[in-house]
Amino acid sequence: MIKVAKLSEIPQCGSKLVMVGETPVALFNIKGKIHAWDNRCPHRGASLADGNISESVIQCKYHLWEFDIKSACAVANSDLKVKAFEVVIEDGDVFIDG
């Protein structure tokens, strides 16, 4: 597991972008649960951390593709999936599997 952030750095219904090696990872705080995804939209590689964030969907701001927060799959086509990372929170620190 790799420490990537402090829990306090990720706003509720917001995001934080971190780099894990060469991979940009978006951390989302949805109802107090942290989700970690590859930050690149599978459509055109746009930043998901900069997208529209709700309690159930992350929407890419460029072409408005929507991804279900629980499954990391596109709402319109569940075959399109964003890579998700396992998250562990310990003593206020956020760790992901690398």
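Okay, so let's begin with the cysteines: this structure holds zero disulfides, a disulfide being a pair of cysteine sulfur atoms within 2.5 Å. C60 is in none, and its nearest cysteine sulfur, that of C41, sits 4.0 Å away. C60 is buried, at 2% relative accessible area. Buried here is under 20% relative accessible area, exposed is over 50%, and partly exposed is in between, with a 1.4 Å probe and protein chains only. As for C73, its sulfur is 13 Å from the closest cysteine sulfur, in C41, so that is too far for a bond. C73 is buried too, at 12%.

Quick caveats. It's a predicted model, where local features need pLDDT of at least 70 and side-chain atom pairs count only at pLDDT 80 or more, while totals for chains, interfaces and linings use all residues. Residues are numbered from 1 along each chain as its sequence is written, and side-chain values use heavy atoms, with hydrogens and water left out.

Now, the cores. A nonpolar core is a set of buried Ala, Val, Leu, Ile, Met, Phe, Trp, Tyr and Cys residues joined through side-chain atoms within 4.5 Å. The largest one has 15 residues, and F28, W37, L48 and F67 have the most contacts inside it. Strand β3, residues 23–30, gives the most to this core, with three residues; strands are DSSP E runs of at least two residues, numbered from the N terminus. Apart from that core lies another, of 12 residues, including V18, V20, I34 and F85.

Last stop, I30, which is in strand β3. I30 is buried, at 4%. Leaving aside neighbours within four places in sequence, I30 contacts (heavy atoms within 4.5 Å) Q12, H35, I53, S54, E55 and I69.

Methods:
Helix = DSSP H or I, 4+ residues; strand = E, 2+ residues; numbered from the N terminus.
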